Amino acid sequence: MPYRAPVACLRHQDERMAAVEHNGWADERFGAVADAFSRNFTEFPELGAAVTVFVGGRKVAELWGGVADERTGRPWAQDTAVPVFSCAKGIVSLCAHLLAQEGRLDLDAPVARYWPEFARHGKEAITCRMVLGHRAGIPALDDELAFDEIAAWKPVIGAIEELRPLWEPGTAYEYHGHVFGFLIGEVIRRITGLTPGAYFRQAVGDPLGLRAWIGLPAEEFDDRARLVEAEGRPEMPGPEHLLTRIVTMNGALVFPGVDVPHGWNDPALLGMELPGAGATASASGLAGLYAAAVTGIDGGRRLLTPATVADAVREVSSGQGWLGFDAGTRWGSGFLLDSPSFRPMLGETSFGNDGAGGQFAFGDEESGVGFAYVANRMIGHGDARANNLIEALRKSL
(Lines give C-alpha, C1' and ligand atoms only; values in the text may rest on other atoms or scores of the structure.)
Protein backbone atom coordinates (compact mmCIF):
# COMPACT_ATOMS: atom_id res chain seq x y z
CA MET A 1 0.00 0.00 0.00
CA PRO A 2 1.44 3.43 -0.87
CA TYR A 3 1.93 5.89 1.94
CA ARG A 4 0.61 9.41 1.33
CA ALA A 5 2.75 12.23 2.68
CA PRO A 6 0.93 14.42 5.23
CA VAL A 7 0.19 18.11 5.01
CA ALA A 8 2.92 20.15 6.70
CA CYS A 9 3.85 23.77 7.23
CA LEU A 10 6.56 25.82 5.62
CA ARG A 11 8.14 28.63 7.60
CA HIS A 12 9.21 31.56 5.44
CA GLN A 13 12.08 33.79 6.49
CA ASP A 14 9.61 36.47 7.54
CA GLU A 15 8.08 33.96 10.01
CA ARG A 16 4.75 33.73 8.20
CA MET A 17 3.27 30.26 8.08
CA ALA A 18 1.68 28.72 5.03
CA ALA A 19 0.27 25.24 4.61
CA VAL A 20 2.09 23.20 1.98
CA GLU A 21 0.81 19.85 0.76
CA HIS A 22 3.56 17.36 0.16
CA ASN A 23 2.82 15.44 -3.00
CA GLY A 24 3.90 11.98 -4.00
CA TRP A 25 4.01 8.58 -2.38
CA ALA A 26 6.16 6.03 -0.61
CA ASP A 27 5.77 2.29 -0.21
CA GLU A 28 4.40 1.53 3.25
CA ARG A 29 7.75 0.13 4.34
CA PHE A 30 9.34 3.54 3.57
CA GLY A 31 6.77 5.72 5.30
CA ALA A 32 9.52 6.95 7.65
CA VAL A 33 11.16 8.67 4.69
CA ALA A 34 7.92 10.55 3.97
CA ASP A 35 7.65 11.49 7.65
CA ALA A 36 11.23 12.83 7.66
CA PHE A 37 10.55 14.78 4.47
CA SER A 38 7.55 16.39 6.16
CA ARG A 39 9.54 17.24 9.28
CA ASN A 40 12.19 19.01 7.22
CA PHE A 41 9.57 21.59 6.26
CA THR A 42 8.84 22.38 9.89
CA GLU A 43 12.33 22.05 11.39
CA PHE A 44 14.23 23.98 8.71
CA PRO A 45 13.54 27.03 6.56
CA GLU A 46 12.76 24.69 3.66
CA LEU A 47 11.28 26.33 0.56
CA GLY A 48 10.88 23.64 -2.10
CA ALA A 49 12.36 20.16 -2.13
CA ALA A 50 12.07 16.61 -3.40
CA VAL A 51 13.38 13.17 -2.48
CA THR A 52 13.41 9.97 -4.52
CA VAL A 53 14.51 6.49 -3.44
CA PHE A 54 15.06 3.38 -5.57
CA VAL A 55 15.67 -0.06 -4.08
CA GLY A 56 16.57 -3.00 -6.29
CA GLY A 57 15.94 -0.93 -9.41
CA ARG A 58 12.38 -0.06 -8.39
CA LYS A 59 11.19 3.32 -7.18
CA VAL A 60 9.93 3.00 -3.58
CA ALA A 61 9.51 6.67 -2.67
CA GLU A 62 8.99 9.88 -4.61
CA LEU A 63 7.98 13.00 -2.69
CA TRP A 64 8.00 16.67 -3.53
CA GLY A 65 6.56 19.84 -2.10
CA GLY A 66 6.87 23.54 -1.49
CA VAL A 67 7.69 26.35 -3.87
CA ALA A 68 9.94 26.20 -6.93
CA ASP A 69 10.00 29.96 -7.53
CA GLU A 70 9.59 32.23 -4.51
CA ARG A 71 8.96 35.27 -6.75
CA THR A 72 5.80 33.82 -8.29
CA GLY A 73 4.77 31.09 -5.87
CA ARG A 74 5.04 28.46 -8.62
CA PRO A 75 4.82 25.10 -6.85
CA TRP A 76 7.41 22.37 -7.01
CA ALA A 77 6.34 19.67 -9.48
CA GLN A 78 7.21 15.99 -9.68
CA ASP A 79 9.88 16.54 -12.34
CA THR A 80 11.21 19.94 -11.20
CA ALA A 81 14.95 20.27 -11.72
CA VAL A 82 17.21 22.55 -9.66
CA PRO A 83 20.90 23.48 -9.71
CA VAL A 84 22.71 20.82 -7.65
CA PHE A 85 26.25 22.21 -7.70
CA SER A 86 28.92 19.56 -7.02
CA CYS A 87 26.54 16.66 -7.52
CA ALA A 88 28.00 17.24 -11.00
CA LYS A 89 31.19 15.54 -9.83
CA GLY A 90 29.28 12.30 -9.38
CA ILE A 91 28.01 12.50 -12.96
CA VAL A 92 31.49 13.18 -14.36
CA SER A 93 33.05 10.47 -12.20
CA LEU A 94 30.49 7.90 -13.31
CA CYS A 95 31.35 8.72 -16.92
CA ALA A 96 35.05 8.24 -16.19
CA HIS A 97 34.39 4.86 -14.58
CA LEU A 98 32.24 3.80 -17.54
CA LEU A 99 35.14 4.55 -19.89
CA ALA A 100 37.52 2.65 -17.60
CA GLN A 101 35.13 -0.30 -17.51
CA GLU A 102 35.09 -0.30 -21.32
CA GLY A 103 38.90 -0.36 -21.42
CA ARG A 104 39.11 3.11 -22.98
CA LEU A 105 40.55 4.84 -19.89
CA ASP A 106 43.18 3.69 -17.40
CA LEU A 107 42.59 5.68 -14.22
CA ASP A 108 46.15 4.97 -13.04
CA ALA A 109 47.85 6.02 -16.27
CA PRO A 110 49.23 9.56 -16.60
CA VAL A 111 46.67 12.09 -17.79
CA ALA A 112 49.21 12.95 -20.49
CA ARG A 113 48.54 9.61 -22.21
CA TYR A 114 45.21 11.09 -23.32
CA TRP A 115 46.11 14.79 -23.16
CA PRO A 116 49.80 15.27 -24.10
CA GLU A 117 49.79 19.05 -23.57
CA PHE A 118 49.00 18.48 -19.89
CA ALA A 119 52.50 17.11 -19.23
CA ARG A 120 54.13 20.41 -18.22
CA HIS A 121 55.52 22.04 -15.09
CA GLY A 122 55.69 18.93 -12.90
CA LYS A 123 52.36 17.42 -13.93
CA GLU A 124 53.82 14.63 -16.04
CA ALA A 125 53.02 11.84 -13.54
CA ILE A 126 49.55 13.03 -12.47
CA THR A 127 46.93 10.34 -13.03
CA CYS A 128 43.16 10.56 -13.31
CA ARG A 129 42.99 8.66 -10.01
CA MET A 130 44.91 11.48 -8.31
CA VAL A 131 42.47 14.02 -9.71
CA LEU A 132 39.44 11.92 -8.74
CA GLY A 133 40.85 11.67 -5.20
CA HIS A 134 41.68 15.40 -5.05
CA ARG A 135 45.40 14.58 -4.75
CA ALA A 136 46.82 16.09 -7.95
CA GLY A 137 48.14 19.28 -6.33
CA ILE A 138 46.30 21.63 -8.69
CA PRO A 139 43.10 22.61 -6.84
CA ALA A 140 42.73 26.09 -8.39
CA LEU A 141 43.72 27.95 -11.53
CA ASP A 142 46.52 30.49 -11.51
CA ASP A 143 45.03 32.51 -14.37
CA GLU A 144 42.13 34.90 -13.88
CA LEU A 145 39.65 34.10 -16.61
CA ALA A 146 36.52 36.01 -17.55
CA PHE A 147 33.09 34.40 -17.38
CA ASP A 148 32.90 34.14 -21.18
CA GLU A 149 36.29 32.41 -21.27
CA ILE A 150 35.12 29.81 -18.78
CA ALA A 151 32.01 29.22 -20.88
CA ALA A 152 34.20 28.73 -23.96
CA TRP A 153 35.96 25.68 -22.39
CA LYS A 154 39.31 25.90 -24.22
CA PRO A 155 40.70 28.86 -22.19
CA VAL A 156 40.21 26.82 -19.00
CA ILE A 157 41.99 23.84 -20.58
CA GLY A 158 44.89 26.07 -21.57
CA ALA A 159 45.09 27.48 -18.03
CA ILE A 160 45.17 23.94 -16.58
CA GLU A 161 48.03 23.03 -18.92
CA GLU A 162 50.10 25.89 -17.45
CA LEU A 163 49.43 25.03 -13.79
CA ARG A 164 52.26 24.08 -11.46
CA PRO A 165 51.35 21.70 -8.59
CA LEU A 166 51.19 23.23 -5.10
CA TRP A 167 52.46 19.95 -3.62
CA GLU A 168 54.03 16.80 -4.99
CA PRO A 169 51.13 15.06 -6.73
CA GLY A 170 49.82 12.08 -4.82
CA THR A 171 51.30 13.06 -1.45
CA ALA A 172 48.45 15.19 -0.04
CA TYR A 173 44.89 16.12 -0.87
CA GLU A 174 42.66 19.17 -1.05
CA TYR A 175 39.31 19.71 -2.73
CA HIS A 176 39.87 20.37 -6.44
CA GLY A 177 36.60 22.21 -7.04
CA HIS A 178 36.17 23.28 -10.64
CA VAL A 179 39.56 21.99 -11.81
CA PHE A 180 38.28 18.47 -11.03
CA GLY A 181 35.45 18.76 -13.55
CA PHE A 182 37.36 20.47 -16.34
CA LEU A 183 40.36 18.14 -16.03
CA ILE A 184 38.43 14.86 -16.00
CA GLY A 185 36.04 16.40 -18.51
CA GLU A 186 38.87 17.14 -20.95
CA VAL A 187 40.11 13.55 -20.64
CA ILE A 188 36.57 12.41 -21.49
CA ARG A 189 36.56 14.79 -24.45
CA ARG A 190 39.92 13.53 -25.72
CA ILE A 191 38.69 9.93 -25.60
CA THR A 192 35.12 10.35 -26.88
CA GLY A 193 35.19 13.59 -28.85
CA LEU A 194 32.39 14.91 -26.62
CA THR A 195 32.45 17.30 -23.70
CA PRO A 196 31.41 15.57 -20.46
CA GLY A 197 27.88 16.95 -20.41
CA ALA A 198 27.27 15.85 -23.98
CA TYR A 199 28.88 12.44 -23.39
CA PHE A 200 26.75 11.87 -20.30
CA ARG A 201 23.54 12.60 -22.19
CA GLN A 202 24.54 10.35 -25.09
CA ALA A 203 25.79 7.42 -23.00
CA VAL A 204 23.48 7.55 -19.98
CA GLY A 205 21.03 10.44 -19.64
CA ASP A 206 19.11 10.11 -22.89
CA PRO A 207 18.95 6.28 -23.00
CA LEU A 208 17.61 6.18 -19.43
CA GLY A 209 15.45 9.30 -19.71
CA LEU A 210 17.14 10.95 -16.71
CA ARG A 211 16.37 14.56 -15.87
CA ALA A 212 19.97 15.51 -15.12
CA TRP A 213 22.26 17.74 -17.16
CA ILE A 214 25.64 19.43 -17.15
CA GLY A 215 24.62 22.31 -19.36
CA LEU A 216 20.88 22.86 -18.96
CA PRO A 217 18.96 22.88 -22.27
CA ALA A 218 17.26 26.19 -23.04
CA GLU A 219 13.84 24.54 -23.14
CA GLU A 220 14.25 23.60 -19.45
CA PHE A 221 15.04 27.10 -18.16
CA ASP A 222 11.49 28.22 -17.39
CA ASP A 223 10.53 25.13 -15.40
CA ARG A 224 13.58 24.87 -13.18
CA ALA A 225 13.50 25.77 -9.50
CA ARG A 226 15.17 29.05 -8.56
CA LEU A 227 17.69 29.07 -5.72
CA VAL A 228 17.30 31.22 -2.60
CA GLU A 229 20.00 31.73 0.02
CA ALA A 230 19.03 31.09 3.62
CA GLU A 231 20.04 33.61 6.25
CA GLY A 232 23.13 32.87 8.29
CA ARG A 233 25.12 30.96 5.67
CA PRO A 234 28.86 31.07 6.45
CA GLU A 235 30.84 33.78 4.67
CA MET A 236 33.63 32.83 2.27
CA PRO A 237 37.19 33.89 3.17
CA GLY A 238 38.76 36.82 1.31
CA PRO A 239 39.33 36.66 -2.45
CA GLU A 240 43.00 35.70 -2.14
CA HIS A 241 42.32 32.69 0.09
CA LEU A 242 42.86 29.40 -1.74
CA LEU A 243 39.44 28.08 -0.73
CA THR A 244 37.73 31.11 -2.29
CA ARG A 245 39.86 30.79 -5.41
CA ILE A 246 38.91 27.10 -5.67
CA VAL A 247 35.19 27.76 -5.37
CA THR A 248 34.95 30.93 -7.49
CA MET A 249 37.57 30.21 -10.15
CA ASN A 250 39.56 33.22 -8.97
CA GLY A 251 36.49 35.42 -8.71
CA ALA A 252 34.96 34.75 -12.13
CA LEU A 253 32.04 32.92 -10.49
CA VAL A 254 30.24 34.47 -7.54
CA PHE A 255 29.56 32.12 -4.66
CA PRO A 256 27.09 31.65 -3.22
CA GLY A 257 25.37 34.56 -4.99
CA VAL A 258 22.25 33.49 -6.85
CA ASP A 259 20.75 36.66 -8.31
CA VAL A 260 23.89 38.71 -8.94
CA PRO A 261 25.22 38.96 -12.51
CA HIS A 262 26.23 35.44 -13.58
CA GLY A 263 24.87 34.03 -10.32
CA TRP A 264 23.52 30.53 -9.93
CA ASN A 265 20.04 31.44 -11.20
CA ASP A 266 21.48 32.87 -14.43
CA PRO A 267 20.58 30.83 -17.55
CA ALA A 268 23.97 31.79 -19.01
CA LEU A 269 25.72 29.96 -16.17
CA LEU A 270 23.33 27.01 -16.02
CA GLY A 271 23.45 26.55 -19.79
CA MET A 272 27.22 26.24 -20.07
CA GLU A 273 29.23 23.14 -19.21
CA LEU A 274 30.66 23.68 -15.75
CA PRO A 275 31.43 20.05 -14.96
CA GLY A 276 32.77 20.47 -11.43
CA ALA A 277 29.70 22.20 -10.02
CA GLY A 278 27.22 23.05 -12.76
CA ALA A 279 24.69 20.20 -12.84
CA THR A 280 20.94 20.75 -12.85
CA ALA A 281 18.76 17.78 -11.98
CA SER A 282 15.55 16.48 -10.48
CA ALA A 283 15.57 14.16 -7.48
CA SER A 284 14.32 11.31 -9.65
CA GLY A 285 17.02 12.01 -12.24
CA LEU A 286 19.87 11.80 -9.74
CA ALA A 287 18.44 8.88 -7.79
CA GLY A 288 17.84 7.06 -11.07
CA LEU A 289 21.45 7.61 -12.08
CA TYR A 290 22.81 5.95 -8.95
CA ALA A 291 20.19 3.21 -9.04
CA ALA A 292 21.17 2.48 -12.64
CA ALA A 293 24.81 2.35 -11.56
CA VAL A 294 24.35 -0.31 -8.86
CA THR A 295 21.33 -2.37 -9.96
CA GLY A 296 19.89 -1.07 -13.21
CA ILE A 297 16.41 0.41 -13.17
CA ASP A 298 13.10 -1.16 -14.17
CA GLY A 299 14.76 -4.38 -15.25
CA GLY A 300 17.54 -2.71 -17.25
CA ARG A 301 21.20 -3.70 -16.96
CA ARG A 302 23.35 -2.02 -14.35
CA LEU A 303 25.81 0.60 -15.57
CA LEU A 304 28.75 -0.34 -13.33
CA THR A 305 29.96 -3.86 -12.67
CA PRO A 306 30.71 -4.99 -9.11
CA ALA A 307 34.43 -4.74 -9.88
CA THR A 308 34.02 -1.14 -11.07
CA VAL A 309 32.05 -0.20 -7.95
CA ALA A 310 34.68 -1.84 -5.74
CA ASP A 311 37.35 0.24 -7.48
CA ALA A 312 35.30 3.44 -7.09
CA VAL A 313 34.68 2.99 -3.34
CA ARG A 314 38.25 2.17 -2.35
CA GLU A 315 39.33 5.07 -0.12
CA VAL A 316 41.84 7.40 -1.77
CA SER A 317 41.77 10.45 0.54
CA SER A 318 40.56 11.37 4.02
CA GLY A 319 41.55 13.35 7.09
CA GLN A 320 43.29 16.70 7.07
CA GLY A 321 43.59 18.41 3.72
CA TRP A 322 46.46 20.52 2.44
CA LEU A 323 44.80 23.68 3.81
CA GLY A 324 44.73 22.14 7.28
CA PHE A 325 40.99 21.44 7.47
CA ASP A 326 39.41 18.08 8.27
CA ALA A 327 35.73 18.19 7.35
CA GLY A 328 35.28 14.50 8.11
CA THR A 329 35.02 13.58 4.44
CA ARG A 330 36.30 10.38 2.84
CA TRP A 331 36.91 10.20 -0.90
CA GLY A 332 37.07 7.28 -3.27
CA SER A 333 37.84 7.70 -6.97
CA GLY A 334 35.61 10.65 -7.76
CA PHE A 335 32.96 9.98 -5.14
CA LEU A 336 32.30 10.94 -1.56
CA LEU A 337 32.26 7.80 0.59
CA ASP A 338 30.31 7.03 3.73
CA SER A 339 31.48 9.80 6.08
CA PRO A 340 29.70 9.49 9.45
CA SER A 341 30.61 12.95 10.74
CA PHE A 342 29.80 14.75 7.46
CA ARG A 343 27.64 12.71 5.07
CA PRO A 344 26.58 9.40 6.60
CA MET A 345 25.29 7.01 3.96
CA LEU A 346 24.50 3.31 4.28
CA GLY A 347 27.92 1.68 4.56
CA GLU A 348 31.18 0.83 2.86
CA THR A 349 29.61 0.25 -0.56
CA SER A 350 27.97 3.71 -0.64
CA PHE A 351 29.24 6.41 -2.99
CA GLY A 352 27.87 9.77 -4.11
CA ASN A 353 28.35 13.52 -4.06
CA ASP A 354 26.67 16.50 -2.48
CA GLY A 355 25.93 20.04 -3.51
CA ALA A 356 26.62 23.39 -1.88
CA GLY A 357 22.91 24.04 -1.39
CA GLY A 358 22.40 20.90 0.71
CA GLN A 359 21.53 18.60 -2.21
CA PHE A 360 22.82 15.04 -2.02
CA ALA A 361 22.70 11.86 -4.11
CA PHE A 362 24.30 8.46 -3.69
CA GLY A 363 24.11 4.79 -4.53
CA ASP A 364 24.76 1.77 -2.36
CA GLU A 365 25.58 -1.55 -3.94
CA GLU A 366 24.94 -3.78 -0.91
CA SER A 367 21.38 -2.56 -0.38
CA GLY A 368 20.72 -1.76 -4.04
CA VAL A 369 19.75 1.82 -3.19
CA GLY A 370 19.70 4.93 -5.38
CA PHE A 371 18.88 8.07 -3.36
CA ALA A 372 18.62 11.77 -4.10
CA TYR A 373 17.45 14.83 -2.21
CA VAL A 374 17.30 18.24 -3.90
CA ALA A 375 16.16 21.63 -2.62
CA ASN A 376 16.24 25.27 -3.63
CA ARG A 377 16.83 26.98 -0.27
CA MET A 378 20.58 26.92 0.27
CA ILE A 379 21.04 26.38 3.99
CA GLY A 380 24.60 25.13 4.10
CA HIS A 381 27.12 22.67 2.73
CA GLY A 382 26.44 19.37 4.46
CA ASP A 383 23.35 20.56 6.37
CA ALA A 384 21.12 18.03 8.12
CA ARG A 385 18.11 17.84 5.78
CA ALA A 386 19.48 15.05 3.61
CA ASN A 387 21.00 13.31 6.62
CA ASN A 388 17.56 13.13 8.25
CA LEU A 389 16.13 11.44 5.18
CA ILE A 390 19.02 8.98 4.98
CA GLU A 391 18.59 8.06 8.64
CA ALA A 392 14.92 7.34 7.96
CA LEU A 393 15.90 5.28 4.91
CA ARG A 394 18.42 3.31 6.96
CA LYS A 395 15.74 2.43 9.53
CA SER A 396 13.31 1.46 6.77
CA LEU A 397 15.84 -0.91 5.23
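Of the residues that line the second largest pocket, four are nonpolar, six polar and five charged, where Ala, Val, Leu, Ile, Met, Phe, Trp, Tyr, Cys and Pro count as nonpolar, Asp, Glu, Lys and Arg as charged, and the others, Gly among them, as polar. The model is a predicted one, in which local features need pLDDT of at least 70 and side-chain atom pairs count only at pLDDT 80 or more, while totals for chains, interfaces and linings use all residues. Residues are numbered from 1 along each chain as its sequence is written, and side-chain values use heavy atoms, with hydrogens and water left out.

The second largest pocket has a volume of about 180 Å³, and among its 15 lining residues K59, E62, G209, S284 and G285 lie nearest its centre. A pocket here is an open set of points on a 1 Å grid over the protein atoms alone, with protein on both sides within 12 Å along at least five of seven lines, whereas a cavity is a set of points where a 1.4 Å probe fits but cannot get out; lining residues have an atom within 4 Å of a point. Grid points are joined across faces, edges and corners, and a volume is the space filled by probe spheres set on the points. At least two lining residues come from each of β6 and α10, and α10 gives the most, with three; helices (H or I, at least four residues) and strands (E, at least two) are DSSP runs, numbered from the N terminus.

One cavity of 30 Å³ or more is present in the structure, and the volume of the largest cavity is about 40 Å³. Its lining consists of A50, T52, E62, L63, W64, W76, Q78, T80, A283 and S284, which by class are five nonpolar, four polar and one charged residues.

When neighbours within four places in sequence are left aside, L183 is in contact (heavy atoms within 4.5 Å) with V111, W115, F118, V131, I138 and I160. I160 is also one of the buried residues of helix α5 (154-161), together with V156, I157, A159 and E161, where buried means under 20% relative accessible area, exposed over 50% and partly exposed in between (1.4 Å probe, protein chains only). The cover over these buried residues includes α4 (147-151) and α6 (177-192).

T244 is placed in helix α8 (242-248) and counts as buried because its relative accessibility is 7%. Apart from residues up to four places away in sequence, T244 touches M236, P237, G238, P239 and M249, and its side chain reaches the backbone oxygen of G238 at 3.1 Å.

Most residues other than glycine have a negative phi.

Conventions:
Polar contact = N/O pair within 3.5 Å; in protein donor to acceptor, adjacent residues only side chain to side chain.
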